[in-house]
Amino acid sequence: MSAPRIAAFAGSCRSTSLNRRLLATAATLATEAGAEVDVIDLAELPMPIFDEDLEAEGTPESATAFKRRLMDADGILIASPEYNSSYPALVKNVIDWATRPAPGEAMLAAFAGKSCGLLAASPGALGGIRMLPQLRLLLSSIGATVTPAQLGLGHAHEAFGDDGRLKDERARGMLQKVVTQTLELAAR
């Protein structure tokens, strides 16, 4: 059996994003477990806000490239910040673009049947846990199989050691569980 291919992206373009840092740690764990991981930097793929008039003029190359990378994967890891108790517009926008079928393409091909692991990091105590059920619902409704395990990492600005690893054993264990479940579902 070949190694599962995982697409991974953070819902923040900020260079010092805690979610980008958490995603990097998850990507390392997935690679160590034998997966091929494609970390997608959304800052390198800027997309306009989804609009059917724009789509009628032609799907932006960045949106097509993002969707192709998701379609090439067996599973997806997403680390998203929580803005006002929900996922940010960036996350919703890239998902909206990726769900649009090209001619001859199956509906929701970028997500349907893919395993999806959810992560959130926040400097606040709740770690993004108010947003995670909403993102889970969105992804489930477009055909993704979201892992039972998820991680909301509170006080994330203090959570990483100088080596980039999570300091807290419980958080490390939960991150490992999300990655493991994503890989196991992707391998099916």
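Let us begin with helix H4, residues 89-98, where Val-91, Asn-93, Val-94, Ile-95, Trp-97 and Ala-98 are buried. Buried here means under 20% relative accessible area, exposed over 50%, and partly exposed in between, with a 1.4 Å probe and protein chains only. Helices (H or I, at least four residues) and strands (E, at least two) are DSSP runs, numbered from the N terminus.

The model is predicted: local features need pLDDT of at least 70, side-chain atom pairs count only at pLDDT 80 or more, and totals for chains, interfaces and linings use all residues. Residues are numbered from 1 along each chain as its sequence is written, and side-chain values use heavy atoms, leaving out hydrogens and water.

What covers the buried residues of H4? The cover includes strand E1 (5-10), H2, helix H3 (61-71) and helix H5 (132-141), where contact means heavy atoms within 4.5 Å.

In helix H5 we find Leu-138, which counts as buried because its relative accessible area is 13%. Leaving aside residues up to four places away in sequence, Leu-138 touches Tyr-87, Lys-92 and Ile-95. Leu-138 and Lys-92 are 46 residues apart in sequence, yet 9.0 Å apart in space, C-alpha to C-alpha.

Is Asp-51 buried or partly exposed? Asp-51 is partly exposed, because its relative accessibility is 32%. Thank you for your attention.
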